[in-house]
Amino acid sequence: MSDTVIFKGAVISGGIAIGTLVIKEHQYPIAPADTPLLLAADELSPAEVLACLKSGITSFIFHRCSETAHAAILARGMETPSLYGIRVPREYHGSPAIIDGDSGTLIVEPDAVTLAFYHTRLQDRAREEEELRALVNTPTLTKNGKQITLAANVNKLSDLTKAIENGAEGIFFKTEFLFLEAKDYPTEDEQFEVYRAIASRMGKRRAVIRTADIGADKTADYFALDSEENPALGIRGIRLSLRRPELFLTQLRAILRASAYGNLAIMLPMITSPEEITAARAMIRRAEEELTLRGEPYRESIPLGIMIETPVSAILCDELARSVDFFSIGTNDLTQYVLAADRQAPALSELYDPRHRAVKALLRYVIERANANGIEVGISGELAQDTEILPELVRCGISLLAVPPTKLLPIKKTIGDISE
Ligand code: PEP
Ligand code: MG
(Lines give C-alpha, C1' and ligand atoms only; values in the text may rest on other atoms or scores of the structure.)
(Ligands and ions follow the chains in the order given, each with its own letter.)
Protein backbone atom coordinates (compact mmCIF):
# COMPACT_ATOMS: atom_id res chain seq x y z
CA MET A 1 0.00 0.00 0.00
CA SER A 2 1.25 3.57 -0.79
CA ASP A 3 2.01 6.10 1.92
CA THR A 4 -0.56 8.61 3.07
CA VAL A 5 -0.07 12.08 1.53
CA ILE A 6 -1.64 15.23 3.00
CA PHE A 7 -2.37 18.43 1.06
CA LYS A 8 -3.37 21.63 2.81
CA GLY A 9 -5.72 24.04 1.06
CA ALA A 10 -8.51 26.52 1.74
CA VAL A 11 -12.13 25.68 2.45
CA ILE A 12 -14.98 26.27 0.02
CA SER A 13 -17.44 24.23 2.05
CA GLY A 14 -17.16 22.12 5.18
CA GLY A 15 -17.93 18.49 5.91
CA ILE A 16 -16.24 15.17 5.33
CA ALA A 17 -16.15 13.21 2.07
CA ILE A 18 -14.56 9.81 1.71
CA GLY A 19 -14.17 8.68 -1.88
CA THR A 20 -12.00 8.22 -4.95
CA LEU A 21 -9.92 10.96 -6.57
CA VAL A 22 -10.52 11.84 -10.19
CA ILE A 23 -8.01 14.17 -11.80
CA LYS A 24 -9.78 16.17 -14.50
CA GLU A 25 -6.68 16.65 -16.62
CA HIS A 26 -5.94 12.91 -16.57
CA GLN A 27 -6.67 11.28 -19.91
CA TYR A 28 -7.88 7.92 -18.63
CA PRO A 29 -11.21 7.13 -17.06
CA ILE A 30 -11.00 5.39 -13.70
CA ALA A 31 -12.61 2.03 -13.10
CA PRO A 32 -16.18 2.44 -11.86
CA ALA A 33 -16.08 3.04 -8.11
CA ASP A 34 -18.88 2.62 -5.62
CA THR A 35 -17.53 5.48 -3.50
CA PRO A 36 -18.16 9.18 -4.19
CA LEU A 37 -15.90 10.75 -6.81
CA LEU A 38 -13.80 13.71 -5.62
CA LEU A 39 -12.85 15.80 -8.64
CA ALA A 40 -9.50 17.58 -8.65
CA ALA A 41 -9.07 20.19 -11.39
CA ASP A 42 -6.73 23.03 -12.19
CA GLU A 43 -9.77 25.28 -12.56
CA LEU A 44 -13.37 24.94 -13.77
CA SER A 45 -15.84 27.41 -15.24
CA PRO A 46 -19.31 27.64 -13.68
CA ALA A 47 -20.71 25.79 -16.73
CA GLU A 48 -18.20 22.95 -16.19
CA VAL A 49 -19.10 22.71 -12.51
CA LEU A 50 -22.77 22.43 -13.48
CA ALA A 51 -21.93 19.62 -15.91
CA CYS A 52 -20.04 17.78 -13.12
CA LEU A 53 -22.95 18.18 -10.70
CA LYS A 54 -25.25 16.71 -13.35
CA SER A 55 -22.96 13.69 -13.64
CA GLY A 56 -23.06 13.11 -9.88
CA ILE A 57 -19.77 14.71 -8.76
CA THR A 58 -20.41 16.96 -5.77
CA SER A 59 -16.96 17.46 -4.16
CA PHE A 60 -14.24 19.50 -5.82
CA ILE A 61 -10.58 20.25 -5.21
CA PHE A 62 -9.63 23.26 -7.32
CA HIS A 63 -6.10 24.44 -7.81
CA ARG A 64 -6.91 27.92 -9.08
CA CYS A 65 -10.09 29.33 -7.60
CA SER A 66 -11.17 31.88 -5.02
CA GLU A 67 -13.76 31.92 -2.28
CA THR A 68 -16.38 33.90 -4.17
CA ALA A 69 -15.73 32.68 -7.72
CA HIS A 70 -19.00 31.41 -9.18
CA ALA A 71 -17.48 27.92 -9.50
CA ALA A 72 -16.89 27.96 -5.73
CA ILE A 73 -20.40 29.28 -5.03
CA LEU A 74 -21.88 26.39 -7.02
CA ALA A 75 -19.73 23.86 -5.14
CA ARG A 76 -20.70 25.48 -1.82
CA GLY A 77 -24.35 24.85 -2.61
CA MET A 78 -23.76 21.09 -2.27
CA GLU A 79 -23.89 19.06 0.93
CA THR A 80 -20.41 17.64 0.45
CA PRO A 81 -17.13 19.51 1.10
CA SER A 82 -14.92 21.25 -1.47
CA LEU A 83 -11.48 22.86 -1.27
CA TYR A 84 -9.29 25.16 -3.33
CA GLY A 85 -5.61 26.03 -3.51
CA ILE A 86 -4.43 22.43 -3.93
CA ARG A 87 -2.75 21.02 -7.03
CA VAL A 88 -3.18 17.26 -6.98
CA PRO A 89 -0.52 15.41 -9.02
CA ARG A 90 -1.91 13.23 -11.79
CA GLU A 91 -0.41 10.07 -10.31
CA TYR A 92 -3.18 10.10 -7.68
CA HIS A 93 -5.90 9.61 -10.26
CA GLY A 94 -8.05 6.77 -8.92
CA SER A 95 -6.57 6.86 -5.39
CA PRO A 96 -8.74 6.62 -2.30
CA ALA A 97 -8.95 10.00 -0.58
CA ILE A 98 -10.67 12.00 2.14
CA ILE A 99 -11.66 15.66 2.02
CA ASP A 100 -11.74 17.22 5.47
CA GLY A 101 -13.67 20.38 4.69
CA ASP A 102 -13.38 21.64 8.26
CA SER A 103 -9.59 21.89 8.28
CA GLY A 104 -9.13 22.35 4.50
CA THR A 105 -7.18 19.10 4.14
CA LEU A 106 -7.04 16.50 1.42
CA ILE A 107 -5.74 13.12 2.58
CA VAL A 108 -4.70 10.77 -0.20
CA GLU A 109 -4.18 7.04 0.34
CA PRO A 110 -5.33 7.24 3.99
CA ASP A 111 -4.21 4.44 6.31
CA ALA A 112 -6.75 2.30 8.15
CA VAL A 113 -6.61 4.33 11.38
CA THR A 114 -7.23 7.65 9.53
CA LEU A 115 -10.05 6.09 7.57
CA ALA A 116 -11.72 4.79 10.73
CA PHE A 117 -11.34 8.22 12.37
CA TYR A 118 -13.10 9.94 9.46
CA HIS A 119 -15.87 7.36 9.31
CA THR A 120 -16.60 8.23 12.94
CA ARG A 121 -16.51 11.96 12.12
CA LEU A 122 -19.03 11.37 9.33
CA GLN A 123 -21.37 9.68 11.80
CA ASP A 124 -20.91 12.52 14.32
CA ARG A 125 -21.80 15.07 11.67
CA ALA A 126 -24.90 13.15 10.66
CA ARG A 127 -25.97 13.24 14.33
CA GLU A 128 -25.31 17.00 14.57
CA GLU A 129 -27.35 17.60 11.43
CA GLU A 130 -30.17 15.54 12.88
CA GLU A 131 -30.15 17.72 16.00
CA LEU A 132 -30.37 20.88 13.89
CA ARG A 133 -33.47 19.52 12.21
CA ALA A 134 -35.42 20.47 15.34
CA LEU A 135 -35.14 24.09 14.09
CA VAL A 136 -36.79 23.49 10.71
CA ASN A 137 -40.25 24.73 11.53
CA THR A 138 -39.27 27.45 14.00
CA PRO A 139 -39.11 31.17 13.12
CA THR A 140 -35.69 32.82 12.73
CA LEU A 141 -35.39 34.94 15.85
CA THR A 142 -32.51 36.55 17.72
CA LYS A 143 -32.24 36.04 21.48
CA ASN A 144 -34.21 39.25 21.97
CA GLY A 145 -36.93 38.16 19.60
CA LYS A 146 -36.01 40.18 16.51
CA GLN A 147 -37.20 38.34 13.41
CA ILE A 148 -35.00 37.88 10.33
CA THR A 149 -36.20 36.30 7.10
CA LEU A 150 -33.89 33.41 6.28
CA ALA A 151 -33.98 32.64 2.58
CA ALA A 152 -32.05 30.17 0.43
CA ASN A 153 -29.91 31.02 -2.58
CA VAL A 154 -30.97 28.54 -5.22
CA ASN A 155 -28.75 28.05 -8.25
CA LYS A 156 -30.62 25.21 -9.91
CA LEU A 157 -34.05 23.68 -9.59
CA SER A 158 -32.59 20.59 -7.90
CA ASP A 159 -31.47 22.78 -4.92
CA LEU A 160 -35.08 23.69 -4.22
CA THR A 161 -35.96 20.42 -2.49
CA LYS A 162 -33.12 20.89 0.02
CA ALA A 163 -34.14 24.52 0.55
CA ILE A 164 -37.74 23.52 1.33
CA GLU A 165 -36.66 20.57 3.52
CA ASN A 166 -34.50 22.93 5.56
CA GLY A 167 -37.35 25.40 6.04
CA ALA A 168 -36.35 28.23 3.66
CA GLU A 169 -38.57 31.23 4.38
CA GLY A 170 -38.02 32.49 0.85
CA ILE A 171 -35.68 31.84 -2.03
CA PHE A 172 -33.41 33.76 -4.37
CA PHE A 173 -33.16 31.98 -7.69
CA LYS A 174 -30.17 32.94 -9.83
CA THR A 175 -31.48 32.20 -13.30
CA GLU A 176 -28.22 32.47 -15.23
CA PHE A 177 -27.30 28.90 -14.29
CA LEU A 178 -30.38 27.74 -16.19
CA PHE A 179 -28.83 29.37 -19.24
CA LEU A 180 -25.35 27.97 -18.59
CA GLU A 181 -26.69 24.42 -18.40
CA ALA A 182 -28.43 24.74 -21.77
CA LYS A 183 -27.03 24.23 -25.24
CA ASP A 184 -29.11 27.07 -26.64
CA TYR A 185 -31.34 29.86 -25.29
CA PRO A 186 -33.99 28.28 -23.07
CA THR A 187 -37.40 29.00 -24.62
CA GLU A 188 -40.14 30.92 -22.82
CA ASP A 189 -41.99 27.66 -22.11
CA GLU A 190 -38.87 25.93 -20.78
CA GLN A 191 -38.18 28.82 -18.44
CA PHE A 192 -41.84 29.08 -17.45
CA GLU A 193 -41.88 25.42 -16.33
CA VAL A 194 -38.92 26.04 -14.00
CA TYR A 195 -40.27 29.29 -12.53
CA ARG A 196 -43.75 27.80 -12.14
CA ALA A 197 -42.33 24.80 -10.27
CA ILE A 198 -40.58 27.23 -7.91
CA ALA A 199 -43.65 29.42 -7.46
CA SER A 200 -46.01 26.56 -6.73
CA ARG A 201 -43.61 24.66 -4.46
CA MET A 202 -42.87 27.78 -2.40
CA GLY A 203 -46.58 28.60 -2.06
CA LYS A 204 -47.04 31.76 0.03
CA ARG A 205 -43.32 32.15 0.72
CA ARG A 206 -41.69 34.64 -1.60
CA ALA A 207 -39.49 33.38 -4.42
CA VAL A 208 -37.32 36.09 -5.94
CA ILE A 209 -36.34 35.37 -9.52
CA ARG A 210 -33.16 37.22 -10.43
CA THR A 211 -33.04 37.96 -14.14
CA ALA A 212 -30.03 36.46 -15.93
CA ASP A 213 -26.69 37.80 -14.74
CA ILE A 214 -24.84 36.69 -17.85
CA GLY A 215 -21.39 38.05 -18.61
CA ALA A 216 -17.87 37.92 -17.17
CA ASP A 217 -17.26 34.26 -16.17
CA LYS A 218 -20.93 33.31 -16.56
CA THR A 219 -21.44 32.69 -20.23
CA ALA A 220 -22.17 29.98 -22.77
CA ASP A 221 -21.03 29.76 -26.39
CA TYR A 222 -24.46 30.43 -27.86
CA PHE A 223 -24.50 33.94 -26.36
CA ALA A 224 -21.60 34.77 -28.69
CA LEU A 225 -20.58 37.66 -26.44
CA ASP A 226 -18.03 40.06 -27.86
CA SER A 227 -14.71 39.67 -26.13
CA GLU A 228 -14.00 42.49 -23.69
CA GLU A 229 -10.84 43.80 -22.08
CA ASN A 230 -12.47 43.90 -18.63
CA PRO A 231 -15.56 41.68 -18.72
CA ALA A 232 -16.42 42.18 -15.03
CA LEU A 233 -16.76 45.89 -15.89
CA GLY A 234 -18.39 45.16 -19.20
CA ILE A 235 -21.71 44.04 -20.61
CA ARG A 236 -22.99 41.96 -17.74
CA GLY A 237 -26.34 41.41 -15.99
CA ILE A 238 -28.95 44.11 -16.68
CA ARG A 239 -26.63 45.68 -19.28
CA LEU A 240 -26.85 42.57 -21.45
CA SER A 241 -30.59 42.15 -20.81
CA LEU A 242 -31.31 45.71 -21.97
CA ARG A 243 -29.12 45.28 -25.04
CA ARG A 244 -30.86 42.05 -26.02
CA PRO A 245 -34.54 42.91 -25.61
CA GLU A 246 -35.82 39.64 -27.06
CA LEU A 247 -33.80 37.64 -24.55
CA PHE A 248 -35.03 39.86 -21.69
CA LEU A 249 -38.67 39.89 -22.81
CA THR A 250 -38.70 36.11 -23.16
CA GLN A 251 -37.46 35.77 -19.59
CA LEU A 252 -39.87 38.40 -18.25
CA ARG A 253 -42.88 36.75 -19.94
CA ALA A 254 -41.86 33.40 -18.46
CA ILE A 255 -41.53 34.88 -14.95
CA LEU A 256 -44.79 36.81 -15.22
CA ARG A 257 -46.71 33.74 -16.42
CA ALA A 258 -45.29 31.77 -13.47
CA SER A 259 -46.28 34.59 -11.09
CA ALA A 260 -49.89 33.40 -11.37
CA TYR A 261 -48.88 30.24 -9.44
CA GLY A 262 -47.28 31.64 -6.27
CA ASN A 263 -45.56 34.59 -4.64
CA LEU A 264 -42.91 35.65 -7.18
CA ALA A 265 -40.84 38.82 -7.31
CA ILE A 266 -38.30 40.00 -9.90
CA MET A 267 -34.79 41.16 -9.09
CA LEU A 268 -32.36 42.91 -11.42
CA PRO A 269 -28.59 42.28 -11.20
CA MET A 270 -25.75 44.80 -11.74
CA ILE A 271 -27.89 47.93 -11.51
CA THR A 272 -25.85 51.14 -11.75
CA SER A 273 -28.47 53.83 -12.45
CA PRO A 274 -32.16 54.76 -11.99
CA GLU A 275 -32.48 54.82 -15.79
CA GLU A 276 -31.79 51.08 -15.93
CA ILE A 277 -34.67 50.49 -13.53
CA THR A 278 -36.96 52.70 -15.63
CA ALA A 279 -35.92 50.80 -18.78
CA ALA A 280 -36.47 47.44 -17.07
CA ARG A 281 -39.90 48.54 -15.83
CA ALA A 282 -40.83 49.51 -19.40
CA MET A 283 -39.83 46.01 -20.52
CA ILE A 284 -41.92 44.44 -17.73
CA ARG A 285 -44.91 46.49 -18.92
CA ARG A 286 -44.32 45.36 -22.49
CA ALA A 287 -44.14 41.73 -21.41
CA GLU A 288 -47.39 42.21 -19.44
CA GLU A 289 -49.11 43.72 -22.50
CA GLU A 290 -48.00 40.79 -24.64
CA LEU A 291 -49.40 38.33 -22.11
CA THR A 292 -52.66 40.29 -21.84
CA LEU A 293 -53.04 40.08 -25.63
CA ARG A 294 -52.49 36.33 -25.41
CA GLY A 295 -55.00 36.06 -22.57
CA GLU A 296 -52.40 34.65 -20.14
CA PRO A 297 -52.81 35.41 -16.41
CA TYR A 298 -50.03 37.05 -14.36
CA ARG A 299 -49.63 38.85 -11.04
CA GLU A 300 -50.32 42.59 -11.41
CA SER A 301 -47.62 44.92 -10.01
CA ILE A 302 -45.14 42.15 -9.36
CA PRO A 303 -42.65 43.33 -6.69
CA LEU A 304 -39.38 44.53 -8.19
CA GLY A 305 -36.04 44.55 -6.41
CA ILE A 306 -32.45 45.26 -7.35
CA MET A 307 -29.07 43.92 -6.42
CA ILE A 308 -26.91 46.50 -4.69
CA GLU A 309 -23.58 45.17 -5.85
CA THR A 310 -21.82 48.14 -7.40
CA PRO A 311 -20.41 51.13 -5.49
CA VAL A 312 -22.60 53.51 -7.51
CA SER A 313 -25.81 51.70 -6.56
CA ALA A 314 -24.75 51.69 -2.89
CA ILE A 315 -23.95 55.42 -2.97
CA LEU A 316 -27.18 56.26 -4.81
CA CYS A 317 -29.30 53.78 -2.82
CA ASP A 318 -31.47 56.50 -1.28
CA GLU A 319 -32.57 57.57 -4.75
CA LEU A 320 -32.90 53.99 -6.04
CA ALA A 321 -34.99 52.97 -3.01
CA ARG A 322 -37.79 55.22 -4.28
CA SER A 323 -38.28 53.19 -7.43
CA VAL A 324 -38.07 49.59 -6.17
CA ASP A 325 -39.65 47.35 -3.54
CA PHE A 326 -36.53 45.76 -2.07
CA PHE A 327 -32.74 45.60 -2.12
CA SER A 328 -30.47 42.61 -1.98
CA ILE A 329 -26.86 43.46 -1.28
CA GLY A 330 -24.50 41.39 -3.40
CA THR A 331 -21.43 41.52 -1.22
CA ASN A 332 -19.41 39.29 -3.56
CA ASP A 333 -19.44 41.84 -6.34
CA LEU A 334 -19.66 44.88 -4.08
CA THR A 335 -16.38 43.81 -2.46
CA GLN A 336 -14.59 43.37 -5.76
CA TYR A 337 -15.75 46.72 -7.12
CA VAL A 338 -15.19 48.71 -3.91
CA LEU A 339 -11.72 47.28 -3.34
CA ALA A 340 -10.79 47.04 -7.05
CA ALA A 341 -9.84 43.40 -6.44
CA ASP A 342 -11.03 40.74 -8.90
CA ARG A 343 -13.15 38.19 -6.99
CA GLN A 344 -11.89 35.47 -9.34
CA ALA A 345 -8.18 36.09 -8.83
CA PRO A 346 -6.51 33.82 -6.25
CA ALA A 347 -3.47 36.13 -6.25
CA LEU A 348 -5.62 38.97 -4.88
CA SER A 349 -7.22 37.03 -2.05
CA GLU A 350 -5.43 39.19 0.53
CA LEU A 351 -6.96 42.32 -0.98
CA TYR A 352 -10.39 40.86 -1.59
CA ASP A 353 -11.86 41.22 1.90
CA PRO A 354 -15.66 41.37 2.30
CA ARG A 355 -15.11 42.45 5.94
CA HIS A 356 -13.07 45.48 4.87
CA ARG A 357 -14.16 48.67 6.66
CA ALA A 358 -14.93 50.35 3.32
CA VAL A 359 -17.34 47.54 2.40
CA LYS A 360 -18.85 47.62 5.88
CA ALA A 361 -19.35 51.40 5.70
CA LEU A 362 -21.35 50.97 2.50
CA LEU A 363 -23.31 48.08 3.98
CA ARG A 364 -24.27 50.16 6.99
CA TYR A 365 -25.30 53.05 4.75
CA VAL A 366 -27.43 50.88 2.42
CA ILE A 367 -29.16 49.13 5.32
CA GLU A 368 -29.87 52.44 7.03
CA ARG A 369 -31.25 54.14 3.90
CA ALA A 370 -33.35 51.10 2.93
CA ASN A 371 -34.90 51.06 6.38
CA ALA A 372 -35.47 54.84 6.28
CA ASN A 373 -37.28 54.39 2.95
CA GLY A 374 -39.31 51.49 4.33
CA ILE A 375 -38.05 48.85 1.92
CA GLU A 376 -36.71 45.40 2.71
CA VAL A 377 -32.96 44.98 2.64
CA GLY A 378 -31.20 41.63 2.53
CA ILE A 379 -27.80 40.18 1.80
CA SER A 380 -27.41 37.45 -0.80
CA GLY A 381 -23.62 37.43 -1.09
CA GLU A 382 -21.41 34.93 0.72
CA LEU A 383 -21.04 37.37 3.64
CA ALA A 384 -24.52 36.34 4.78
CA GLN A 385 -22.93 33.07 5.98
CA ASP A 386 -20.13 34.77 7.89
CA THR A 387 -21.06 33.94 11.45
CA GLU A 388 -18.58 36.45 12.90
CA ILE A 389 -20.16 39.38 11.12
CA LEU A 390 -23.80 38.38 11.51
CA PRO A 391 -24.33 40.07 14.91
CA GLU A 392 -23.14 43.37 13.41
CA LEU A 393 -25.43 43.02 10.38
CA VAL A 394 -28.42 42.20 12.55
CA ARG A 395 -27.72 45.21 14.78
CA CYS A 396 -27.47 47.43 11.68
CA GLY A 397 -31.03 46.43 10.74
CA ILE A 398 -30.67 43.78 8.05
CA SER A 399 -34.07 42.18 7.43
CA LEU A 400 -33.20 39.18 5.26
CA LEU A 401 -30.28 36.82 4.73
CA ALA A 402 -29.96 34.47 1.77
CA VAL A 403 -27.62 31.50 2.23
CA PRO A 404 -27.13 28.11 0.53
CA PRO A 405 -29.85 25.56 1.44
CA THR A 406 -27.30 23.54 3.45
CA LYS A 407 -26.53 26.56 5.65
CA LEU A 408 -30.12 27.48 6.59
CA LEU A 409 -30.22 25.54 9.86
CA PRO A 410 -26.68 26.35 11.12
CA ILE A 411 -27.28 30.06 10.39
CA LYS A 412 -30.69 29.95 12.10
CA LYS A 413 -28.93 28.55 15.16
CA THR A 414 -26.28 31.32 15.02
CA ILE A 415 -28.99 34.00 14.77
CA GLY A 416 -30.69 32.50 17.81
CA ASP A 417 -27.51 33.18 19.81
CA ILE A 418 -27.34 36.88 18.85
CA SER A 419 -28.50 39.39 21.43
CA GLU A 420 -29.37 42.40 19.39
C1 PEP B 1 -23.11 38.94 -5.19
O2 PEP B 1 -22.48 39.54 -6.06
O3 PEP B 1 -22.85 39.02 -3.98
C4 PEP B 1 -24.23 38.04 -5.58
C5 PEP B 1 -25.08 37.56 -4.70
O6 PEP B 1 -24.31 37.70 -6.88
P7 PEP B 1 -23.30 36.67 -7.61
O8 PEP B 1 -22.37 36.08 -6.59
O9 PEP B 1 -24.17 35.69 -8.29
O10 PEP B 1 -22.58 37.58 -8.56
MG1 MG C 1 -23.23 39.53 -8.09
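This is a predicted model: local features need pLDDT of at least 70, side-chain atom pairs count only at pLDDT 80 or more; totals for chains, interfaces and linings use all residues.
**Metal site.** I started at the magnesium ion (ligand 2) and looked for what holds it. I found Glu309 (OE) and Asp333 (OD) coordinating the ion, at 2.0 to 2.1 Å. The two sit 24 residues apart, so I checked where each belongs in the chain. Glu309 is in the loop between β13 (304–308) and α10 (311–315), while Asp333 is in helix α12 (residues 331–338). Buried or exposed, these two? I get buried for both Glu309 and Asp333.

**Cores.** Next I went through the largest nonpolar core, which has 104 residues. Phe60, Phe62, Ile171 and Phe327 touch the most other members. Helix α8 (residues 245–258) gives this core its largest share, 8 residues. I also see that domain 1 (5–111) and domain 2 (133–416) each supply at least three residues to this core. Apart from it I noted another core, of 15 residues, including Leu38, Ala40, Val88 and Leu106.

I then took Phe327 on its own. Leaving out neighbours within four places in sequence, I list among its contacts Ile306, Ile308, Leu320, Val366 and Ile375, and also Glu376 and Gly378.

**Asn332.** Back to helix α12, where Asn332 has its place. Why do I call Asn332 buried? Because its relative accessible area is 6%, and buried means under 20%. Not counting residues up to four places away in sequence, Asn332 touches Thr68, Ile73, Arg343, Tyr352, Gly381 and Glu382. For Glu382 I looked at the atoms: the Asn332 side chain reaches the backbone nitrogen of Glu382 at 2.8 Å. Last, I checked Leu83, which is 249 residues from Asn332 in sequence and 18 Å away in space, C-alpha to C-alpha.

Definitions and conventions
Residues are numbered from 1 along each chain as its sequence is written. Chains are lettered from A and ligands numbered from 1 in the order in which they are written. Side-chain values use heavy atoms; hydrogens and water are left out. Donors are N, O and S atoms within 2.8 Å of the metal (3.2 Å for Na, K and Ca); water is not among the atoms, so sites may look incomplete. Helices (H or I, at least four residues) and strands (E, at least two) are DSSP runs, numbered from the N terminus. Buried means under 20% relative accessible area, exposed over 50%, partly exposed in between (1.4 Å probe, protein chains only). A nonpolar core is a set of buried Ala, Val, Leu, Ile, Met, Phe, Trp, Tyr and Cys residues joined through side-chain atoms within 4.5 Å. Domain bounds come from an automatic or database domain assignment. Contact means heavy atoms within 4.5 Å. A polar contact is a pair of N or O atoms within 3.5 Å; within protein, one must be able to donate a hydrogen and the other to accept it, and residues adjacent in sequence count only if both atoms are side-chain atoms.
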